[in-house]
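Thanks for coming. I will talk through one structure today, starting with a pair of helices and then turning to salt bridges.

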Amino acid sequence: MSMAKNNLLQSALIKFFAGVILVGLLLFIPAGSFAFWQAWLLMGVLFIPMFVAGLILMKINPALLRKRLNAKEEQMEQKEVVLLSGVMFLASFILAGLNFRVSWLVSPEWVTIVGTVIFLLAYALYAEVLRENEYLSRTVEVQEGQKLVDTGLYGIVRHPMYMATVLLFLSMPIILGSIPSFVVMLMYIPIIAKRIHNEEKVLEDGLDGYKQYKERVKYRIIPFVW
């Protein structure tokens, strides 16, 4: 393995296990128990596919994996979006743990199963977006040599990745069985709206054909709605 690939693998593994530890702490410490089975379920469906996808990208498209690991935003608006998203996740996960401990508003087990199915379908949608668009980055930018992608899911909505993340994030508190956490996670809708507003300005200014693309594909993330 080359030095560059070895460094990429090391960076990916560090971020992966840091994520596992952080999510575990945020869920189990407030819960006060490892018997919070919904938390184990969420961590399983979240991190196992993530690990497998990382290995696949490492093999077939390390450049895309490197871009996905880069989360440093340059624009102030996007830094605010990242900060708000972080606060949202912290509050939602901590509330879920506390909700398990004191049983405030706990949804039935069948709701958790439904949430898990939605989450896995959203993960599959996310994987398809990664397959269709090799320019996907976690930061808002126009990359050198970037070309407009307007086929597949991008022919239906302009931001299918955000369509997938809305489903992913809103299904997380459903899996955890926490109604208060779901209410908090609804913050993601205005947060992603803010991100899209700024991102489309960047794309209009820097990506050839994007203005015409907006005229052809009317909807941002929800067909016939928004």
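At roughly what angle do the axes of helix α1 and helix α2 cross? Keep in mind that this is a predicted model. Helix α1 covers residues 3–31 and helix α2 covers residues 37–60; their axes cross at roughly 175° and come within 11 Å. That angle makes α1 roughly antiparallel to α2, because anything over 145 degrees counts as roughly antiparallel. Residues of α1 in the contact include Leu9, Phe16 and Phe28, and those of α2 include Trp40, Phe47 and Met58. By class, the contact has 16 nonpolar, two polar and one charged residues.

Now the salt bridges. The whole structure has six. One of them joins Glu80 to Lys194, with the closest N and O atoms 3.4 Å apart. Glu80 sits in helix α4 and Lys194 in helix α8, so this pair ties together parts that are 114 residues apart in sequence. Glu80 is partly exposed, at 36% relative accessibility, and Lys194 is partly exposed too, at 30%.

Next, a network: salt bridges link Arg158, Glu200, Glu204 and Lys214. Within this group, Lys214 meets Glu200 at 3.6 Å, N to O, and Glu204 at 2.5 Å. Glu200 is buried, with a relative accessible area of 4%, whereas Glu204 is partly exposed at 27%. Lys214 is also partly exposed, at 24%.

Last, helix α6, residues 160–175. After α6 comes Gly177, with a positive phi near 70°.

Technical notes: Residues numbered from 1 in each chain as written. Predicted model: local features only at pLDDT ≥ 70, side-chain atom pairs only at ≥ 80, totals over all residues. Heavy atoms only, no water. Helix = DSSP H or I, 4+ residues; strand = E, 2+ residues; numbered from the N terminus. Axes fitted to C-alpha atoms, helices over the stretch in contact; angles between N-to-C directions. Parallel < 35°, antiparallel > 145°, perpendicular 65-115°, else oblique. Contact = heavy atoms within 4.5 Å. Nonpolar A, V, L, I, M, F, W, Y, C, P; charged D, E, K, R; others polar. Salt bridge = Lys/Arg side-chain N within 4 Å of Asp/Glu carboxyl O. Buried < 20%, exposed > 50% of the residue type's maximum accessible area, 1.4 Å probe, protein only.
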